[in-house]
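Let's take a friendly walk through a protein model together. Keep the sequence and the 3D view open as you read.

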Amino acid sequence: MKKYILMGIAITSLLSSCDLDLYPYNVIESSQSFKTVSDAKNWANRLHSDLRGRVYGHYILSPDIQADQLNATSDYGNNYGSVHRWTDLTSDNYQIRDNWQGYYSALINVNTAIEGFATISPANANEEKELKEYVGMAHLVRVQ
């Protein structure tokens, strides 16, 4: 009986001593990603990338088709067929879903960046100027 109690205590102590507050090895926890102006530059690059990705391709084609700026011809091959016909405009239609998902994930990134930029303390006047540019750019990207 003592043997089982000792084994139970040993197993319990082994399980409770593990550090379970670990982060994935390929990401940076958000509280660690706003330390320097260089971090702000990395965030600004990502925001530029998000903006650039939303100004062409399916982000532009679906709204243009819905606004009758692009009309189907006899040889359109049913590309964006449901958008041309205004059928199946539901959340499971990737041409609609991906537009909304892309815009909202970019908005989350922008808001996170703006909040994080406020926590960065620039080391000198030059870094302060850079940080102000990144904050302004983030506000611009948010309205796009």
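Predicted model: local features only at pLDDT ≥ 70, side-chain atom pairs only at ≥ 80, totals over all residues.

Leaving aside residues up to four places away in sequence, Ala-40 touches Phe-117, Ile-120, Leu-131 and Tyr-134.

## Where α2 meets α6

How are α2 and α6 oriented to each other? Their axes are 10 Å apart, and the two helices pack at an angle of about 25 degrees. Angles under 35 degrees count as roughly parallel, so α2 and α6 are roughly parallel to each other. The crossing of α2 past α6 is left-handed.

On the α2 side, the contact is made by Val-37, Ala-40, Lys-41, Ala-44, Leu-47, His-48 and Leu-51. The α6 side brings Glu-127, Glu-130, Leu-131, Tyr-134, Met-137, Ala-138 and Val-141. Sorted by type, the residues of this contact are 10 nonpolar, one polar and three charged.

## Where α3 meets α5

Now turn to helix α3 (residues 58–66) and helix α5 (residues 94–117), whose axes come within 9 Å and cross at roughly 125 degrees. That angle makes α3 oblique to α5. Here too there is a label for the crossing: α3 passes α5 in a left-handed one.

By type, the residues where α3 touches α5 divide into four nonpolar, six polar and one charged.

## Two residues to look up

Is Ser-33 buried or exposed? Its relative accessible area is 10%, so Ser-33 is buried. You will find Ser-33 in the loop between α1 (2–16) and α2. Not counting residues up to four places away in sequence, Ser-33 touches Ile-28, Asp-39 and Trp-43.

Thr-112 lies in helix α5 and counts as partly exposed, at 28% relative accessibility. With residues up to four places away in sequence left out, Thr-112 touches Phe-34 and Trp-43. For a sense of distance along the chain, Thr-112 and Asn-99 are 13 residues apart, and their C-alpha atoms are separated by 20 Å.

Key: Residues numbered from 1 in each chain as written. Heavy atoms only, no water. Axes fitted to C-alpha atoms, helices over the stretch in contact; angles between N-to-C directions. Helix = DSSP H or I, 4+ residues; strand = E, 2+ residues; numbered from the N terminus. Parallel < 35°, antiparallel > 145°, perpendicular 65-115°, else oblique. Left-handed = near helix turned anticlockwise from the far one by under 90°. Nonpolar A, V, L, I, M, F, W, Y, C, P; charged D, E, K, R; others polar. Contact = heavy atoms within 4.5 Å. Buried < 20%, exposed > 50% of the residue type's maximum accessible area, 1.4 Å probe, protein only.
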